[in-house]
Amino acid sequence: MDQTLFVVGVSHRTAAVAVRERLAYADEEIPAALRRLREASPVVAEAALVSTCNRVEVVGVASDVARASRATLEFLARDRNVEEDAFASAVYSFGGRDAARHMFRVGASLDSMVVGEPQILGQLKSAYAQAAEAGTVGLVLHRAFHKAFSVAKRVRKGTLIGHGSVSVSSAAVSLAGQIFDRLSDKTVMLMGAGKMAELTARQLKGLGIESLLITSRTFDRAVALARELGGTAVPYDNYKPYLKMVDVLIGSVASTKPVLGPEEFESVVRERRYRPMFLIDMGVPRNFDERLNAMQNVYLYDIDDLGAVVQRSLGDRGREAEKAEEIVELELESFLKWMAGLDLIPTIKDIRYSIERLRDAELGRHRGWLAGLDAGERERVESLTRGLTNKLLHRILSGLKQRDDKALDAGFAAEIARRLLCAELDADDQDDDDTGDDFAED
């Protein structure tokens, strides 16, 4: 089995939100997109798509990583209708060990905008579920994702990387405090009721904001959140008349283009008599047109702006991240050892089959003698022979999987073992070939 893990994509480290939002996928789009990728690019054997506020990347498996990465980038450009030149300089591509390391670091939140934030693990699990739904997960991705999940769990248990309150939502609250002298007489509106917007609203509520308005395409969700936080739910198709009351507007609506632009906002600003208005855009793609930031007393911050604030507040998480990196490296070796063992699977299957055949043949030769035994004695003989073959197989297979400097090359050792233990299979193959020739001649 000659398959290699690869990762190709863009993230907050390489591309601004203006680039990421053009490549982003909504959750419900991903399974169909993965099926299109497989259909358009047969070189990609397995694939999953991770699309979050901070990254759009494909995790895949292929025998030719260079070709698969190239085909994946071409697919993304075509599927999102984006010129490849628009994001080519921001693309990263990893194969083999580097791809696995990147995947584990992402899952452990070491590559997040806010190191240690917990949401990325849930997003990675969603990506795996979407790929499973699309039917594009095979043996390698299944193992790689579950290893990433276990690495993240070990990092979270073994370090203090998730401790403290540093987050995008806390950064948003911090910025709001810089814009306004006090928040106790301010009105906040949530557009969308996603997790990050909810966290921000809870922190603002904790600071005693005067009123909270919540609007969402799913009105029941808005009603439930408003009831929980003591706010007021507003129907999504009628929220604009309320904007003139709003001091802090938090956007996290899933949308392929801005839902508010300067044309709609000019009347809002006038009706507010140019009192300051603070806009926090957590959407990717962005909810608010960037031209709003040029309007008088309108302060617009997007997800990258919030990330910059967070980076200045990370403090001790850097030291915990170093411990987490050590855990990732240890788990990486374990995964790579498993990957290397995939090449041995056909040989291991042959050896197991051959030894089981030998056992069946010996039992068959003594069928007459065994028939004279009662059922309990025959069961003990069956158990004895099965135990012997299992122990023999265990020793052989453990030896083949051994990886150290003194061991024979695994492929060479496997070939010797196969020749010694599977000779009758090769003979059978030869007999079949000979028989086939005989039939052909007849």
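The expected span is 1.5 Å times one less than the number of residues; helices (H or I, at least four residues) and strands (E, at least two) are DSSP runs numbered from the N terminus. The structure is a predicted model, in which local features need pLDDT of at least 70 and side-chain atom pairs count only at pLDDT 80 or more, while totals for chains, interfaces and linings use all residues. Residues are numbered from 1 along each chain as its sequence is written, and side-chain values use heavy atoms, without hydrogens and water.

Among the buried residues of H3 are Ala-68, Leu-73, Phe-75 and Arg-80 (buried, under 20% relative accessible area; exposed, over 50%; partly exposed, in between; 1.4 Å probe, protein chains only). The charged end of Arg-80 sits over the ring of Tyr-25, 3.8 Å from its centre (NZ of Lys or CZ of Arg within 6 Å of the ring centre and within 35 degrees of the ring normal). After H3 comes Asn-81, with a positive phi near 55°.

Across the whole structure, 8 aromatic pairs are found (rings of Phe, Tyr and Trp, the last by its six-membered ring, with centres within 6.5 Å; stacked under 30 degrees between planes, edge-to-face over 60, otherwise tilted). Phe-278 and Tyr-301 form an edge-to-face pair, 5.4 Å centre to centre with 80° between the planes. Phe-278 counts as buried because its relative accessibility is 0%, whereas Tyr-301, at 22%, counts as partly exposed.
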